[in-house]
Amino acid sequence: MGAREAQFDELGGTDGGTRAPYLKLSQWLAQTPPELLASRREQAELLFRRIGITFAVYGAQDATERLIPFDILPRILARSEWAALEKGLIQRVAALNAFLADVYGAGEILKAGVVPADLVYRNAAYCPEMAGRRVPHDIFVHIAGVDIVRTDDQGFYVLEDNARTPSGVSYMLENREVMMRLFPELFAMHRVAPIENYPDELLATLRSVAPPRATSDPTIALMTPGQFNSAFYEHSFLADKLGVELVEGDDLFVRDDIVYMRTTEGPRRVDVIYRRIDDDFLDPLAFRPDSALGVAGLLGAYHAGNVTLANAVGSGVADDKAIYTYMPDIIRFYLGEPPLLQNVPTYRCRETDALAYVLAHLEELVVKEVNGSGGYGMLVGPHATKAQIEEFREKLKAHPEHFIAQPTLALSTCPISVASGVAPRHVDLRPFVLQGANGARVVPGGLTRVAMTEKSLVVNSSQGGGTKDTWVIDDSWVSEGPAGEA
């Protein structure tokens, strides 16, 4: 799985032919004039500008104006491929929830020595305030975004787990909406699994974890840090789709361990908060006293069982990249079964032998901060300068426990539409897993992120990556019935 392996092209496979899921798209492309593709690219950009989909890049002068690049060619997965992925995703999130319930409870996995205790208790995301506390239905992670990469026809690997406040689902939904407007003829040629029910599934998940004292129609709110947050568009989009109030900290208050929302008709009790705010800023009485984003007394109301927070406080321990390296063992420990999705081979730089190997092979590896996200604070060895490599070498020597390293995978490529025609670009996939008291749900597809620059492996939106619509189609690859989604 090193950098020298031949990359797998999802359109052409490894033999240069056309893989079955892409047959109809390939035929359509052969018959479509370049001028039409160029026109559709322009229409797509215009639609996204009208809709107002933006993503702020911290530190950039035009942060509030940036659009995520969108590619008009769908990424296509066969239903059989998706079915295997779905099982692995549900298994993984079940293990993540069992792990969090355990490390904040009895700590059996730590006592057994399967996961080093210091990785949990010294973790910046570990929340001592949750120790000994049970959460409703023992579910910490209600919404997970699991990043998947592909290396060959069968090889799907988990790159990382996002268990705090995973973002991107609004782009998944908007991408589909734009594609249906621009390419009805392509939908007519395929039986594409629908994803537009995601807001209904999310709402059902949130309702299912409402406190026992809540009514049969619990009040749900989506809590945002505000309009200057990089994902604020998504917060407002989801609140609208869910039919719930979008609130900031100032819109809420706590009285007698009960959370209320200020409305024009007076205070209204809130039962479930889908929070898109990091733990540190949730409650100035319990966490950062200088937080102007949170609600004083919120943690007390949470501990009293009067409000459910999704995802639960302290969930960040589970998406730490050092904990990620133990996920196969975590799955076996709690579920008693082998992992259905494999991890990318990973070197734990805190271990002496692993550190020695990484320092000797920096130019070949990807090095990441264990608490990093968004593509920040990482080294992509094959594409780094000598100065960048040496800078990272010093960081590793100073604090090896802060880093993990992975081989530079031969990530799969998908076709994208460019001015010169169709070209391959590297992709990953973020499916979204919902876990409620009513079971687990995964909408078929997810957000495909694509490196818009030739040969680049960086797909993060914050680093210039783009997105694609992700289609899961019937294995027959033959349309039946009326045009459109099936």
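The dialogue below goes from the whole chain to single residues.

Q: What kind of model is this, and how many helices and strands does the protein chain have?
A: It is a predicted model. The secondary structure of the protein chain comes to 14 helices and 22 strands.

Q: How compact is the protein chain?
A: One compares the radius of gyration with what the globule rule gives for the chain length. Here the radius of gyration is 23 Å, close to the 23 Å that the rule gives for 486 residues, so the chain is as compact as a globular protein of that length. The C-alpha trace spans about 65 × 60 × 50 Å along its principal axes.

Q: What share of the residues is buried, and what share of the contacts joins residues 24 or more positions apart?
A: Buried residues, those under 20% relative accessible area, make up 55% of the 486 residues. Among contacts with a separation of 6 or more, 70% are between residues 24 or more positions apart.

Q: What does the accessible surface come to, and how far apart are the mean positions of the positive and negative charges?
A: The accessible surface of the protein chain is about 20,300 Å², and carbon and sulfur atoms account for 50% of it. There are 46 positive and 64 negative charges, and their mean positions are 1 Å apart.

Q: In what order do the strands β6, β7 and β8 stand in their sheet?
A: A sheet is read strand by strand. This open sheet has 3 strands in the order β6-β7-β8, with antiparallel pairing. β6 (252-255) and β8 (268-269) stand at the edges with a single partner strand each, so one side of each has no neighbour in the sheet.

Q: Over how many bridges do β6 and β7 pair, and which residue stands opposite L252?
A: β6 pairs with β7 (residues 258-261) over 4 bridges, in the antiparallel sense. L252 stands opposite M261 in β7.

Q: Which residues have a positive phi without being glycine?
A: D138 is one of them, with a phi of about 55°. D138 is in the loop between α5 (117-121) and β2 (143-150), and its 31% relative accessibility makes it partly exposed. D257 is another, with phi near 60°. D257 lies in the loop between β6 and β7 and is partly exposed, at 36% relative accessible area.

Q: Where is the cis peptide bond?
A: The cis bond joins A310 and N311, with omega of about -5°. N311 lies in the loop between β10 (308-310) and α11 (321-324).

Q: Is D319 buried or exposed, and what is it in contact with?
A: D319 lies in the loop between β10 and α11. D319 is buried, with a relative accessible area of 12%. Leaving aside neighbours within four places in sequence, D319 is in contact with D161, N162, A163 and R164. D319 and N162 are 157 residues apart along the chain, yet their C-alpha atoms are separated by 5.4 Å.

Q: How far apart are T205 and T263 in sequence and in space?
A: T205 and T263 are 58 residues apart in sequence and 25 Å apart in space, C-alpha to C-alpha. T205 lies in helix α8 (residues 198-208) and is buried, at 0% relative accessibility. Beyond neighbours within four places in sequence, the contacts of T205 are H142, L434, Q435, G436, N438 and R441.

Technical notes: Residues are numbered from 1 along each chain as its sequence is written. This is a predicted model: local features need pLDDT of at least 70, side-chain atom pairs count only at pLDDT 80 or more; totals for chains, interfaces and linings use all residues. Side-chain values use heavy atoms; hydrogens and water are left out. Two strands pair if DSSP finds at least two bridges between them. Helices (H or I, at least four residues) and strands (E, at least two) are DSSP runs, numbered from the N terminus. The radius of gyration is taken over C-alpha atoms; the globule rule is 2.2 Å times the number of residues to the power 0.38. Buried means under 20% relative accessible area, exposed over 50%, partly exposed in between (1.4 Å probe, protein chains only). Contact means heavy atoms within 4.5 Å. Accessible areas come from the Shrake-Rupley method with a 1.4 Å probe; for residues, only the protein chains shown count as cover. Lys and Arg count as positive and Asp and Glu as negative; His and the chain ends are not counted. The place of a charge is taken as NZ of Lys, CZ of Arg, CG of Asp or CD of Glu.
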